[in-house]
Structures are given as C-alpha cells and as structure tokens.
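Subject: Structure handover

Hi,

Here is the structure I promised to pass on. My notes on what I found follow below it.

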Amino acid sequence: MSIGKKIIIGISIVLILAVLFFLGSFIVGQIAYESDMKTSVTNEQTKQIKGNKEEEKGEKELGLAVKEAEQKGLLLLVNKENPLEPNYRPEDLAPIKYYAEDRTPGARFMRQEAAEHFHGMVEAAEKNGISVVMTTAYRDYDFQKTLYDNYVSNEGQAEADKFSAKPGQSEHQTGLAVDVTSASVGYALTYEFGQSQEGKWLAEHAHEFGFILRFPEDKREITGYNYEPWHFRYVGQDIAREIYKEKITLEEFIDRMED
C-alpha cells in the first residue's frame with residue numbers, strides 16, 4: 001500500500017474517532033442535562049407538595065384554634081350591629097395588676113385568660129424598656145351608658161358615635177378589651193400614643209400575647225369607629241397572629257371563617 005493511501009486511511013480513522021468522541025460527549029451531556037432537569041422538576045414538585053402540606057396543616061391548626069376560641073367565647077363579636085344584652089357579664093373576671101392609679105377601680109378587670117396574657121404582655125414590654133398600663137378594661141352596661149351619655153352631651157351624638165360605643169355595643173362589656181396607655185402621653189387615651197415608643201411596641205408585639213389592635217387606621221368603614229391605637233382586644237394567640245399577618249379586622253376574620 002502506498003504512503004498516500006496510508007495517510008488518507010489514518011486521517012479517516014482520526015476523523016471517525018473525532019466524530020464518535022463528539023457524539024459520545026453530546027449524548028453524555030444530553031443525558032446529564034435531562035437528569036438535571038428531572039431533578040430540578042422533582043425538587044420543585046417536592047417543594048410544592050411540602051408547601052401544600054404545610055398550608056393544609058396551618059389551615060387545620062387555625063380551624064382547631066377557631067373552634068376552641070368560639071367555645072371559650074373569645075370571638076364574641078360586639079359592635080354597632082351586634083349588641084350585648086344589658087345584663088351580660090362574664091363569669092370569670094379577674095383583677096388586673098397593671099393600671100393607671102387615677103381611673104375607676106371597677107374597670108380593672110378582664111376575663112381570666114385575657115388578664116393572664118395581658119400581664120404577660122406588660123411584663124415582656126417592661127423587659128424591653130417599655131412601660132404600659134391599662135386605664136379601663138371591663139365596663140358593665142351602666143358604666144358604658146354613663147360614659148356615652150357624657151360624650152353626647154359634650155360632643156353631640158353624631159360625633160360621639162364615631163369614637164364611643166352606645167351601651168350594649170361596647171367590647172369592654174365582654175371583659176376581653178382593654179385600653180392601654182403610658183406615662184409618655186400622660187396616661188391619656190390619645191392618637192399620639194400610636195406614635196410613641198410604647199404604642200409602636202404594642203402594635204408590633206400584641207399579637208404574640210393573643211391581642212389585636214381592634215380599631216386600626218383606615219378600617220372605620222368596617223369597624224364603625226375611628227382609629228384607636230390604645231384599644232386592644234384579646235382573641236387568643238393563634239387567631240391574633242393570623243389577624244396580624246393578614247392585616248385584617250376581627251369582622252373580616254369572622255367573615256372569612258364563615259365563608
């Protein structure tokens with residue numbers, strides 16, 4: 001065989017090997033790519049399944065919390081459309097330890113569970129350099145009537161109805177609501193409390209102790225009342241966390257649960 005033919009054969013062999021190598025590399029790369037894609041899809045599916053399971057678990061736990069709260073009467077909705085009977089009075093009222101000295105002693109009570117969590121909240125705030133006390137918590141029907149009538153006399157009914165509840169329409173009668181203040185605002189119930197260090201801390205942490213800011217800003221059409229940065233309502237920790245997370249009112253939460 002001539003040298004020329006040998007060279008041609010050698011070149012051909014080299015080209016064939018190169019093609020085979022290229023094809024092999026391509027096939028291996030394709031297999032690896034498809035494997036990575038399958039792994040990625042599997043991971044995403046796993047995350048989605050896990051996420052769905054966690055969501056289902058969360059909804060189930062919230063459902064159980066709602067059922068328990070309803071049994072305890074913690075979701076009792078009291079507003080202009082849902083009044084209480086004049087003789088309604090909780091049976092488990094307990095004294096509050098942290099209060100403004102110059103307010104009526106008869107209002108220094110909350111339902112037992114709410115009182116315990118209020119004490120825990122005040123004590124946790126104190127550890128963070130925040131000092132708060134309550135002004136009034138439980139108010140019976142007659143107390144609220146006196147308060148409301150005074151506001152009407154001074155402000156007129158139309159104005160009074162924006163910030164004061166008629167007797168029977170006040171959450172304070174449930175023993176689950178509490179007005180909170182601090183020395184920084186002269187122990188007054190004022191809008192400035194919402195901008196104070198104490199008011200901001202409560203707005204950010206009250207849900208951890210089962211309380212919600214009952215009358216938030218820009219929710220008057222739903223709650224029926226002006227913004228009150230001092231008014232907190234006990235609903236239980238799980239529900240308070242959900243209301244805080246969703247940035248909704250008690251009315252909106254109850255509506256969602258009924259849907």
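Let me start with Lys-247, which sits in the loop between α7 and α8 (250-258). Bear in mind throughout that this is a predicted model. Lys-247 is not a glycine, yet its phi is positive, at about 55 degrees. The residue comes just after α7. Lys-247 is exposed, because its relative accessible area of 67% is over the 50% cut-off.

Helix α7 itself covers residues 237-246. Which residues of α7 are buried? They are Ile-239, Ala-240 and Ile-243. Those three span an arc of only 100 degrees around the axis, so they lie on the same side of α7.

Asp-218 belongs to the loop between β5 and α6. Its relative accessible area is 82%, so Asp-218 is exposed.

Now the overall picture.

The protein chain has eight helices and six strands. Their order along the sequence is α-β-β-α-β-α-α-β-α-β-α-β-α-α. There are 259 residues, and 38% of them are buried. Take the contacts between residues at least 6 apart in sequence: 68% of these join residues at least 24 apart. The chain exposes about 15500 Å², with carbon and sulfur atoms supplying 54% of that area.

Next, the aromatics.

How many aromatic pairs are there? The count is seven. One of them joins Tyr-191 and Tyr-227, and this pair is stacked: the centres are 6.3 Å apart and the planes are at 15 degrees. Tyr-191 lies in the loop between β4 (177-181) and α5 (197-205), while Tyr-227 lies in the loop between α6 (220-223) and β6, so the pair ties together parts that are 36 residues apart in sequence. Tyr-191 is partly exposed, at 44% relative accessible area.

Phe-211 and Tyr-234 make another aromatic pair, this one edge-to-face. The centres are 5.2 Å apart, with 65 degrees between the planes. Phe-211 is in strand β5 (residues 211-215) and Tyr-234 is in strand β6, so this pair ties together parts 23 residues apart in sequence. Both Phe-211 and Tyr-234 are buried. Ring pairs also bring in Phe-118, giving a cluster of Phe-118, Phe-211 and Tyr-234.

The charged end of Lys-80 sits over the ring of Tyr-225, 4.7 Å from the ring centre.

Pro-229 is in strand β6 (residues 228-234). Is Pro-229 buried or exposed? Its relative accessibility is 3%, so it counts as buried. Leaving out residues up to four places away in sequence, Pro-229 touches Thr-190, Tyr-191, Phe-193, Gly-194 and Leu-213. The C-alpha atoms of Pro-229 and Tyr-191 are 6.4 Å apart, although the two residues are 38 positions apart along the chain.

Asn-226 is in the loop between α6 and β6. This residue is buried, because its relative accessible area of 17% falls under the 20% cut-off. What does Asn-226 touch, residues up to four places away in sequence aside? The list is Lys-162, Phe-163, Tyr-191, Phe-215 and Arg-220. Asn-226 and Phe-215 are eleven residues apart in sequence, and their C-alpha atoms are 6.8 Å apart.

Asp-179 lies in strand β4. It is buried, with a relative accessible area of 2%. Its side chain makes a polar contact with the side chain of His-172, at 3.4 Å. On the same exclusion of residues up to four places away, Asp-179 touches Val-133, Met-134, Thr-135, Thr-136, Arg-139, His-172, Leu-189, Trp-230 and His-231.

Best wishes

Conventions: Residues are numbered from 1 along each chain as its sequence is written. This is a predicted model: local features need pLDDT of at least 70, side-chain atom pairs count only at pLDDT 80 or more; totals for chains, interfaces and linings use all residues. Side-chain values use heavy atoms; hydrogens and water are left out. Helices (H or I, at least four residues) and strands (E, at least two) are DSSP runs, numbered from the N terminus. Buried means under 20% relative accessible area, exposed over 50%, partly exposed in between (1.4 Å probe, protein chains only). Contact means heavy atoms within 4.5 Å. Accessible areas come from the Shrake-Rupley method with a 1.4 Å probe; for residues, only the protein chains shown count as cover. Rings of Phe, Tyr and Trp (its six-membered ring) pair if their centres lie within 6.5 Å; planes under 30 degrees apart count as stacked, over 60 as edge-to-face and the rest as tilted. A charge sits over a ring if NZ of Lys or CZ of Arg is within 6 Å of the ring centre and within 35 degrees of the ring normal. A polar contact is a pair of N or O atoms within 3.5 Å; within protein, one must be able to donate a hydrogen and the other to accept it, and residues adjacent in sequence count only if both atoms are side-chain atoms. The arc is that of the directions from the helix axis to the C-beta atoms.
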